Amino acid sequence: MAVLPILKLPDPLLRQQAKEVTRINGELQTLIDDMAETMYAAPGLGLAANQVGVVRRVIVFDVSHREGGPRDLKVLLNPCITAGEGEIIREESCLSVADFSAEVRRHARVTVTGLDREGKPLEITGEGLLAVVLQHEVDHLNGVLFIDRISRLKRGLYLRRLKKQATAG
Ligand code: NI
């Protein structure tokens, strides 16, 4: 298992629509294991394959570890949000968006269907933090970042700061 480098904005791979997983093979299992290690090492609550430069519909997440519990790694291939209700506003950050966090409005409860790492159908219903993480990670697979869901003003300020840092470096 390996900790992979995490791509950061403005890397164009973060803006790509990830492709469906069609083959469950050893290469995919290695990717999943590496993504999990990368997420725990960061540390983060979730990680999408785009973030390690693989434009495939794979997400890993674990919201229980953060709350002091044991690791409870979840893997979803080809995740699809099939139901969403309610509203929640939570402060979000992202391993691919350096030095920034902001409040984002999302569904308070979602149901996501997909496949587990063996290719068996899996349905996960989550609320609160889990709902936020699921929506955040599925967004990644569609090339969407949480900064796309905040006001244009706040996003503009952040992107200008990012640009300045890039030229200053
Ligand atoms: Ni993220």
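User: Is Cys 94 buried or exposed?
Analyst: This is a predicted model. The cut-off for buried is under 20% relative accessible area. Cys 94 has 11% relative accessibility, so Cys 94 counts as buried.

User: Which protein atoms are the donors of the nickel ion?
Analyst: The donors lie 2.1 to 2.3 Å from the nickel ion. In sequence, the donor residues follow the spacing C-x41-H-x3-H. The atoms are SG of Cys 94, NE2 of His 136 and NE2 of His 140.

User: How many residues apart in sequence are the parts that Cys 94 and His 136 tie together?
Analyst: Both residues are donors of the nickel ion. Cys 94 sits in strand β4, residues 88–94, while His 136 sits in helix α2, residues 129–141. The pair therefore joins parts separated in sequence by 42 residues.

User: What is the relative accessibility of His 136, and does His 136 count as buried or exposed?
Analyst: The limit for buried is under 20%. His 136 falls under that limit, so it counts as buried, at a relative accessibility of 8%.

User: Which residues does Asp 139 touch, leaving out those up to four places away in sequence?
Analyst: Asp 139 is part of helix α2. Its relative accessibility is 8%, so Asp 139 counts as buried. Its partners are Arg 106, Val 144 and Arg 149.

User: How far apart are the end C-alpha atoms of helix α3?
Analyst: Helix α3 covers residues 152–168, which is 17 residues.

User: Which residues of α3 are buried, and what arc do they cover around the axis?
Analyst: The buried residues in α3 are Gly 156, Tyr 158 and Leu 162. They lie on the same side of α3, because the arc they cover around the axis is only 165 degrees.

User: Which element do the buried residues of α3 pack against?
Analyst: Turned away from the buried side is a face with the exposed residues Leu 153, Arg 160, Lys 163, Lys 164, Thr 167 and Ala 168. The buried residues of α3 pack against strand β5, 97–106.

User: Where does Arg 71 lie, and which residues is it in contact with beyond its neighbours within four places in sequence?
Analyst: Arg 71 is in the loop between β2 (58–61) and β3 (74–85). Its relative accessible area is 48%, so Arg 71 is partly exposed. Setting aside neighbours within four places in sequence, its contacts are Glu 37, Tyr 40, Asp 62 and His 65.

User: How far apart in space are Arg 71 and Tyr 40?
Analyst: The two residues are in contact. In sequence they are 31 residues apart. From C-alpha to C-alpha the separation is 9.2 Å.

User: In what order do the elements of the protein chain run?
Analyst: The protein chain has three helices and seven strands. Read from the N terminus, the order is α-β-β-β-β-β-β-β-α-α.

User: What is the radius of gyration of the protein chain?
Analyst: The C-alpha atoms fill a box of roughly 45 × 35 × 30 Å along the principal axes. For 169 residues, a compact globule would have a radius of gyration near 15 Å. The protein chain agrees with that, at 16 Å.

User: What share of the contacts with a separation of 6 or more comes from residues 24 or more positions apart?
Analyst: In the protein chain, 44% of the 169 residues are buried. Among contacts with a separation of 6 or more, residues 24 or more positions apart account for 64%.

How values were computed
Residues are numbered from 1 along each chain as its sequence is written. This is a predicted model: local features need pLDDT of at least 70, side-chain atom pairs count only at pLDDT 80 or more; totals for chains, interfaces and linings use all residues. Side-chain values use heavy atoms; hydrogens and water are left out. Helices (H or I, at least four residues) and strands (E, at least two) are DSSP runs, numbered from the N terminus. The expected span of a helix is 1.5 Å times one less than its number of residues. Buried means under 20% relative accessible area, exposed over 50%, partly exposed in between (1.4 Å probe, protein chains only). The arc is that of the directions from the helix axis to the C-beta atoms. Contact means heavy atoms within 4.5 Å. Donors are N, O and S atoms within 2.8 Å of the metal (3.2 Å for Na, K and Ca); water is not among the atoms, so sites may look incomplete. The radius of gyration is taken over C-alpha atoms; the globule rule is 2.2 Å times the number of residues to the power 0.38.
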